[in-house]
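Me: I would like to learn how to read a protein model step by step. Could you take me through it with care, giving the general idea each time and then the case at hand?

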Amino acid sequence: MTQARQIADRLLDAQVEFLLAEVTGDRFVEVIARDVAAVLAVGETLRFGDIVSLDQGQETVATVIDRIGGSPVIADTVGIFSDAIYDHIAANTEYTLGDVVDREPVEALLAKIFGMHQAQERILDRLTESPLVATVASRFVDKLIGDFMQANRERAEKIPGVSSLMSLGQSAANRAKKVADSTFVGDLAGKGALFALKRTNNAIRDMLRDAPVHSAAMEFWDLHADEPVAGLREYLTQKDLNELVQICYEIAVTTREKEYFGLLVRECVEVFYARYADHTVSAMLPELGLTAEDIATEILRYGPAVIESAKRNGVLAGLLRERLEPFFYSDQVLAILGGE
């Protein structure tokens, strides 16, 4: 048995050395190409729906959203990323906005937004149901009329004798306003504001459908398209961007915790499962835009550095020996090596 043990030691050493050689230099590239091809060949025989159930898929996606979406790493880096982006934008004058974003999809997006008449109708109808919006609209109209009257008053007061007449008219208007605020006339004013808001909404509808709003929006885009990306910083400060990103992140995190969001996620997984359940695992790679070469390239991008580091400090050899040792020192193998 002692001789068998010695032979087992030598075989174990040889096996460890062989495996270390498999992940060294050019041989590692060959091994990865071979193993990726072998895995994909197996994947050709496996249906996605056979190895991943709908419940498993829903649980996995929910776990990813719950754990990664609310992880401390994302929470810590969200603000840092926004500051870094702002710093880069503020310093970058080499690219224009048109270099970064193509005009065609912007034009298509605006055309779609302005063509969403059902959404526009619903938004405008809901606005008319809000007394507060009517009040705001009324004040806005009052402001326009007040500014107009003020401008005309300044012109009229330059005419001799008109100044006192304007003062008398203003005094009467103020008294009428006080009466309106305390009588049914105030209610009529409120209804008038609502009526005015509805008329305004009709004007907005006509403008969105008939007027060249889309062309005007594209002209606005074209004005900015040839300007450096750095010009975007003129619209908000770094503090503004940081706070906006933090607020959006908070909305995303708190929404993620809602039961309804979970229902949406499960529904999306169910749709994905229904579409791809009959695909083989390997056939799904092209659907994801991946090839065997892509997978091998990504493994080789990071694998060698990790493996070489583990080899230098002896960790890799120790792990291999730890996993192979039980086999070589098993009673069955020692019996074989001992000639039994």
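Reply: Valine 281 has its place in helix α15, which covers residues 281-287. Helices here are DSSP runs of H or I with at least four residues, strands are runs of E with at least two, and both are numbered from the N terminus. This is a predicted model, in which local features need pLDDT of at least 70 and side-chain atom pairs count only at pLDDT 80 or more, while totals for chains, interfaces and linings use all residues. Residues are numbered from 1 along each chain as its sequence is written, and side-chain values use heavy atoms, with hydrogens and water left out.

Me: Is valine 281 buried or exposed, or partly exposed?

Reply: A residue is called buried under 20% relative accessible area, exposed over 50%, and partly exposed in between, with a 1.4 Å probe and protein chains only. Valine 281 counts as partly exposed because its relative accessibility is 31%.

Me: Which residues make the nonpolar surface patch with Val281?

Reply: Patches are made of residues with over 30% relative accessible area and no salt bridge, where like charges are joined within 9 Å and nonpolar side chains (Val, Leu, Ile, Met, Phe, Trp, Tyr) within 5 Å. In this model Val42, Leu46, Ile51 and Val281 make such a nonpolar patch, with an area of about 290 Å². Accessible areas come from the Shrake-Rupley method with a 1.4 Å probe, and for residues only the protein chains shown count as cover.

Me: Which residues gather in the patch of negative charge?

Reply: For charges, Lys and Arg count as positive and Asp and Glu as negative, while His and the chain ends are not counted. The place of a charge is taken as NZ of Lys, CZ of Arg, CG of Asp or CD of Glu. On the surface of this chain, Asp99, Asp226, Glu227 and Glu234 gather in a patch of negative charge. Glutamate 227 is found in the loop between α12 (213-225) and α13 (238-256), and glutamate 227 counts as partly exposed because its relative accessibility is 37%.

**The chain overall**

Me: How many helices and strands does the chain have, and what share of its residues count as buried?

Reply: The chain has 18 helices and zero strands, and 22% of its 340 residues count as buried. Its accessible surface comes to about 24100 Å², of which carbon and sulfur atoms account for 62%.

**Contacts across the sequence**

Me: Which residues are in contact with tyrosine 86, leaving aside its neighbours within four places in sequence?

Reply: Contact means heavy atoms within 4.5 Å. Tyrosine 86 lies in helix α5 (residues 72-91), and tyrosine 86 counts as buried because its relative accessibility is 13%. With neighbours within four places in sequence left aside, tyrosine 86 touches Arg233, Leu236, Thr237, Gln238 and Leu241. Tyrosine 86 and glutamine 238 are 152 residues apart in sequence, yet their C-alpha atoms are 6.2 Å apart in space. For the chain, 86% of the contacts between residues at least 6 apart in sequence join residues at least 24 apart.

Me: Where is arginine 256 found, and is arginine 256 buried or exposed?

Reply: Arginine 256 is found in helix α13, and arginine 256 is buried because its relative accessible area is 14%. Apart from neighbours within four places in sequence, arginine 256 is in contact with Ile65, Asp66, Gly69, Gly70 and Phe261.

**Salt bridges**

Me: Why can charged side chains pair, and how many salt bridges are there?

Reply: Side chains of opposite charge can pair when their charged atoms come close. A salt bridge is a side-chain nitrogen of Lys or Arg within 4 Å of a carboxyl oxygen of Asp or Glu, and by this rule the count is 16 salt bridges. One of them joins arginine 27 to glutamate 22, with the closest N and O atoms 2.6 Å apart. Arginine 27 counts as partly exposed because its relative accessibility is 32%, whereas glutamate 22, at a relative accessible area of 9%, is buried. Glu22, Arg27, Glu30, Arg34 and Asp35 are linked in a network of salt bridges.

Me: Which side chain meets aspartate 50 in a salt bridge?

Reply: Aspartate 50 meets arginine 47, at 2.5 Å from N to O. Aspartate 50 counts as exposed because its relative accessibility is 56%, while arginine 47, at 29%, counts as partly exposed.
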